[in-house]
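Reader: I'd like to learn how to read a fold from its coordinates. Could we walk through one together?

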Amino acid sequence: MRRRGPGLRLRITLLTTALVAVVSVVLLFLGWTLVGRVFDSSPSFPAGSQVTVDGVNVDVAVLTEALTAAARADLLRAGLIAFACMVVAAAVLAWTFTGRVLKPLHDVTGAARRLSAESLGSRLRLEGPRDEVAELADTFDAMLDRLEAAFDSQRRFVANASHELRTPLSVVRTELDVTLSDPDADVEELRRMAGVVRAAGERAEQLVSALLLLARTDGAGLAVREPVDLSAVVESAWKAVRAEAEARNLRTVFRCAPALAVGDPALLERIAGNLLENAVRHNHVGGWIETVVETGPQWSVLRVSSSGQLIPPDRVEELFEPFRRGVKDRTSQSGTGLGLSIVRAAVAAHGGFAQAVAVPTGGLSVTVHLPAAPR
């Protein structure tokens, strides 16, 4: 483990004390020098002059040297005492005031050490002057807000995923228990049970595949980047849901001009496929679907609009959350509930963005902006 040096409080105290000591030494040296110059600049007497001190005749030069040495000794003695007092006072004051100044930093450190998934709700909310320390505390609080939101989102996602995976497993277990408890079960009953189990297994497989795709695209980069024609992607994705749309007697309009986007062909087809699947499965019999592909200088745009249930505008954003199927109960529709979540994650991986608006007469319009390929 790497050894850590002295703390910030101790370093600031030592630095302040050292600065005070250096300044005190300089002042003491200047005073010592000035005392000598004062005596040197005193009036001069002829050589050999004597003065009487306490009844004793003393040479003027000797007396001057003695007075200079005594004055310097007194100054040095008093200066050293003052120097020691200044250094001690500087150390005590620096240690005290530094502790008070750095107290918010200790609060931030203590909060970080206590931080866990269960204590993300605590905040510093530092009061006082808006200085650098307060800015650090505010930044720390903002980081906790983002972490708390991410953990809450993760908890909901795990809970919903567990519920979705548990549903087909419960169906399988129930069918097996019912069939095995019937000693007179014939071939027809076994075939019926096998069909139900197969359907539940397919649903679980679809959900796991969707979860893996969402995990692979959410916040990840692209392995492949190449020009892709969105109109060709839409045409390929439509083939997978065309039969279902015809069975529901949906009216379709396609206005797809050639539009090149830069990205992964497989993910772009998944984006178009999810949008078209949602447009078909969340539609009503005899409804309509309109698909538009167009290009611009910066973005290639794919828009899929469809009729359907009436969606409040303030709840449109919720549809991009995992396991949302319309605005009714989570299990009120077929599918995995990850379609739009995968769309947003895949579009973000391409460097684009997705938006949705509610159709006033009922339904949803989703617009995807993807980086256009250079012409």
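Author: Gladly. Let's start with pairing: two strands pair if DSSP finds at least two bridges between them. Helices (H or I, at least four residues) and strands (E, at least two) are DSSP runs, numbered from the N terminus. Here, Ala358 stands opposite Leu364 in strand 9. This is a predicted model, in which local features need pLDDT of at least 70, side-chain atom pairs count only at pLDDT 80 or more, and totals for chains, interfaces and linings use all residues. Residues are numbered from 1 along each chain as its sequence is written, and side-chain values use heavy atoms, with hydrogens and water left out.

Reader: How many bridges link strand 8 and strand 9, and in which sense do they pair?

Author: They are antiparallel, with six bridges. The two form a hairpin with five residues between them, and Gly362 in the turn has a positive phi of about 115°.

Reader: What is the strand order of the open sheet?

Author: The order of its five strands is 4-6-7-9-8, and the pairing is mixed. Strand 4 (251-256) and strand 8 are the edges, each pairing on one side only. From one strand to the next, the twist averages 10°; for such angles, axes are lines fitted to C-alpha atoms, for helices over the stretch in contact, and values run from 0 to 180 degrees between N-to-C directions.

Reader: And how does strand 7 pair with strand 6 and with strand 9?

Author: Strand 7 is antiparallel to strand 6 over seven bridges, with Glu294 standing opposite Val301. Strand 7 is also antiparallel to strand 9, over eight bridges; there, Trp299 has Pro371 as its bridge partner.

Reader: Which helices pack on the sheet?

Author: Contact means heavy atoms within 4.5 Å. Helix 6 lies across strand 6, strand 7 and strand 9, at about 20° to strand 7. Helix 7 touches strand 8 and strand 9, and its direction makes about 20° with that of strand 9.

Reader: Is strand 9 mostly covered or uncovered?

Author: Buried means under 20% relative accessible area, exposed over 50%, and partly exposed in between (1.4 Å probe, protein chains only). Strand 9 is mostly covered, with seven of its eight residues buried.

Reader: Which residues have the most contacts inside the largest nonpolar core?

Author: A nonpolar core is a set of buried Ala, Val, Leu, Ile, Met, Phe, Trp, Tyr and Cys residues joined through side-chain atoms within 4.5 Å. The largest one has 36 residues, and Ile271, Leu275, Leu302, Leu364 and Val368 have the most contacts inside it. Elements giving two or more residues to this core include helix 5 (230-247), helix 6 (265-281) and strand 7 (299-306). Beyond four places in sequence, Leu302 touches residues including Leu230, Ala272, Leu275 and Val368.

Reader: What does the side chain of Ser300 reach?

Author: A polar contact is a pair of N or O atoms within 3.5 Å; within protein, one must be able to donate a hydrogen and the other to accept it, and residues adjacent in sequence count only if both atoms are side-chain atoms. Ser300 is in strand 7 and is buried, with a relative accessible area of 0%. Its side chain reaches the backbone oxygen of Leu260 at 2.7 Å.

Reader: Where is Asn249, and is Asn249 buried or exposed?

Author: Asn249 sits in the loop between helix 5 and strand 4. Asn249 is exposed, with a relative accessible area of 55%, and has a positive phi of about 55° although it is not a glycine.
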